[in-house]
Amino acid sequence: MKKHIKIYTDGACSGNPGPGGWGAILVYGETEKEMCGGEADSTNNRMEMMAAIMSLESLKHACKVDLYTDSTYVQKGMTEWLKGWKARGWKTAEKKPVKNDDLWQRLDAAAARHEVKWHWVRGHDGHEMNERADVLARAGILTIQE
């Protein structure tokens, strides 16, 4: 039986583009693991994606995952848009290149190893785990400015 993991993610940017950070909290039963990181030059959307990528890539075995994000870009990208982008060779419906296709491909590969349900939560609305992920994402920005 696969482990059931809950993941809460967030991304942040100081300027957009600008220095960015991502944060994630992985929960398995009573065990929690916090992660964060950052990049010197990024965007908010890329950091939202990196939070999901890094958390999924950190799982050593195939798991059932409930992933919570306040990014409709990530949630809709994975549940609504991805299939069409792949079918069109990473082009949008308007035949333009998909933005952040490098990260979409990486996120797609990371998610494919697991059974992932993508959940959207309203950001900055008092959701305890989303607020904690936001603190981690902001801390991720500091890791690159030291």
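User: How do I read the pairing of strand β1 (residues 4-13) with strand β4 (residues 64-69), and how many bridges are there?

Analyst: Strands of a sheet pair through backbone hydrogen bonds, either parallel or antiparallel. Two strands count as paired if DSSP finds at least two bridges between them. Here β1 and β4 run in the parallel sense and share six bridges. His-4, for example, has Lys-64 of β4 as its bridge partner. Strands (E, at least two residues) and helices (H or I, at least four) are DSSP runs, numbered from the N terminus. Please keep in mind that this is a predicted model, where local features need pLDDT of at least 70, side-chain atom pairs count only at pLDDT 80 or more, and totals for chains, interfaces and linings use all residues. Residues are numbered from 1 along each chain as its sequence is written, and side-chain values use heavy atoms, leaving out hydrogens and water.

User: In what order do the strands of the sheet lie?

Analyst: The order is β3-β2-β1-β4-β5, an open sheet of five strands with mixed pairing. At its edges are β3 and β5 (115-120), each pairing on one side only. On average, neighbouring strands are turned by 20° against each other, direction ignored. Angles run from 0 to 180 degrees between N-to-C directions, and axes are lines fitted to C-alpha atoms, for helices over the stretch in contact.

User: How do strand β2 (residues 18-28) and strand β3 (residues 31-42) run, parallel or antiparallel?

Analyst: β2 and β3 are antiparallel, joined by ten bridges. Gly-21 is bridged to Gly-38 in β3. The two strands form a hairpin with two residues between them, and Gly-29 in the turn has a positive phi of about 60°.

User: Which strands do the helices α1 and α4 lie across?

Analyst: Helix α1 lies across β1, β2, β3, β4 and β5, at about 150° to β1. Helix α4 lies across β1, β2 and β3, at about 135° to β2.

User: What is the angle between helix α2 (residues 72-87) and helix α3 (residues 101-112)?

Analyst: They pack at about 100°, with their axes 11 Å apart. That makes α2 roughly perpendicular to α3; the label covers 65 to 115 degrees, whereas under 35 is roughly parallel, over 145 roughly antiparallel and the rest oblique. The contact (heavy atoms within 4.5 Å) includes Trp-85 of α2 and Trp-104 of α3.

User: What is a salt bridge, and how many are there?

Analyst: Side chains of opposite charge can pair when their charged atoms come close. The rule asks for a side-chain nitrogen of Lys or Arg within 4 Å of a carboxyl oxygen of Asp or Glu. The count comes to eight salt bridges. In one of them, Glu-32 and Arg-132 bring their closest N and O atoms to 2.8 Å. Glu-32 sits in β3 and Arg-132 in α4, 100 residues apart, so the pair links distant parts of the chain. Glu-32, Glu-34 and Arg-132 are linked in a network.

User: Is Arg-132 buried, exposed or partly exposed?

Analyst: Arg-132 is partly exposed, at 24% relative accessible area. Buried means under 20%, exposed over 50% and partly exposed in between (1.4 Å probe, protein chains only). Asp-134, also in helix α4 (residues 128-144), counts as buried at 8%. Leaving aside neighbours within four places in sequence, Asp-134 contacts Asp-10 and His-124.
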